[in-house]
Amino acid sequence: MERCAWAGSAPEYVVYHDEEWGTPLHGDDALFERLCLEAFQSGLSWITILRKRPAFRSAFAGFAIDAVAEFGPDDEARLMADAGIVRNRAKIAAAIRNARTAQQQPEGLSELLWSFAPTGPRTRPATVDDVPATSAESVAMARELKRRGFVFVGPTTAYALMQATGMVDDHVASCFRASP
């Protein structure tokens, strides 16, 4: 089977690509996890985050928004001491703040994020070089999230979230996962 070029560089990538990346994902807690992990990935390789994801899930109460929103200084200290995750004080604080902000969204996080999914046909990338880092929709998503109080949500992070959760399908044309 032919896959997107990035998917063959590590066994974890094969599973992630084949079973998860680009598959539509809904649910406030599920999308909160992805939002957090994409923020933690900023400046790092995605494989680092993918390999640490089980530890992240344990450390962040399964990314349950209500649980993370209750985290306080003791939890921040615990997270900073956890070698299983990325120990970046600003990113940890952002995850907690974003949980509190997510709680305040009247439509819920899932509906809010999916409201930025492009509609209508898109040109499928022929190669990974044709895959954009941002889009008009990811710029709009990042702007609105920031306006609402979310942090660590720039256009590139927003676009990576859109790709990972199936809001956009950027599997290259020759990939077996590419939708017709």
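Good morning. The model is a predicted one, in which local features need pLDDT of at least 70, side-chain atom pairs count only at pLDDT 80 or more, and totals for chains, interfaces and linings use all residues. Residues are numbered from 1 along each chain as its sequence is written, and side-chain values use heavy atoms, with hydrogens and water left out.

I begin with the aromatic rings. A pair of aromatic rings is described by the distance of the centres and the angle of the planes. Rings of Phe, Tyr and Trp (its six-membered ring) pair if their centres lie within 6.5 Å; planes under 30 degrees apart count as stacked, over 60 as edge-to-face and the rest as tilted. By this rule there are ten aromatic pairs.

Why is the pair of Phe32 and Phe63 edge-to-face? The ring centres are 6.2 Å apart and the planes stand at 65°, so the pair falls in that class. Phe32 belongs to helix α2 (residues 28–41), while Phe63 sits in the loop between α3 (46–59) and α4 (65–69); the pair thus links distant parts of the chain, 31 residues apart. Helices here are DSSP runs (H or I, at least four residues), as strands are (E, at least two), and they are numbered from the N terminus. Both Phe32 and Phe63 are buried, where buried means under 20% relative accessible area, exposed over 50%, and partly exposed in between (1.4 Å probe, protein chains only).

The rings of Phe60 and Phe71 give a stacked pair, because their centres are 6.1 Å apart and their planes are at 25°. This pair also links distant parts of the chain: Phe60 is in the loop between α3 and α4, Phe71 in the loop between α4 and α5 (73–80), and eleven residues separate them. Phe60 is buried, at a relative accessible area of 0%, and Phe71 counts as buried at 7% relative accessibility.

Over the face of Phe71 lies Arg78, at 5.2 Å from the ring centre. For such a placement, NZ of Lys or CZ of Arg must be within 6 Å of the ring centre and within 35 degrees of the ring normal.

Most residues other than glycine have a negative phi, and most peptide bonds are trans. Phe63, however, has a positive phi, near 60°. Phe152 likewise has a positive phi of about 60° although it is not a glycine. Phe152 is found in the loop between α8 (136–147) and α9. Is Phe152 buried or partly exposed? At 34% relative accessibility, Phe152 counts as partly exposed.

The C-alpha atoms of Ala94 and Phe152 are separated by 6.7 Å, though the residues are 58 apart along the chain. Ala94 is in helix α6 (residues 89–103) and counts as buried at 4% relative accessibility.

I turn now to the pockets. On a 1 Å grid over the protein atoms alone, a cavity is a set of points where a 1.4 Å probe fits but cannot get out, and a pocket is an open set with protein on both sides within 12 Å along at least five of seven lines; lining residues have an atom within 4 Å of a point. Grid points are joined across faces, edges and corners, and a volume is the space filled by probe spheres set on the points.

The largest pocket has a volume of about 380 Å³. It is lined by 16 residues, of which Trp21, Glu38, Trp46, Ala160 and Gln163 are the closest to its centre. Which helix gives the most to this lining? It is α9, with six residues. The helices α1 (11–19), α2 and α9 (155–164) each supply at least two residues of the lining. By class, the lining of the largest pocket has ten nonpolar, five polar and one charged residue. Ala, Val, Leu, Ile, Met, Phe, Trp, Tyr, Cys and Pro count as nonpolar, Asp, Glu, Lys and Arg as charged, and the others, Gly among them, as polar.

The second largest pocket has a volume of about 170 Å³. Its lining divides into four nonpolar, three polar and three charged residues, among them Arg122, Arg124 and Asp169.

Thank you for your attention.
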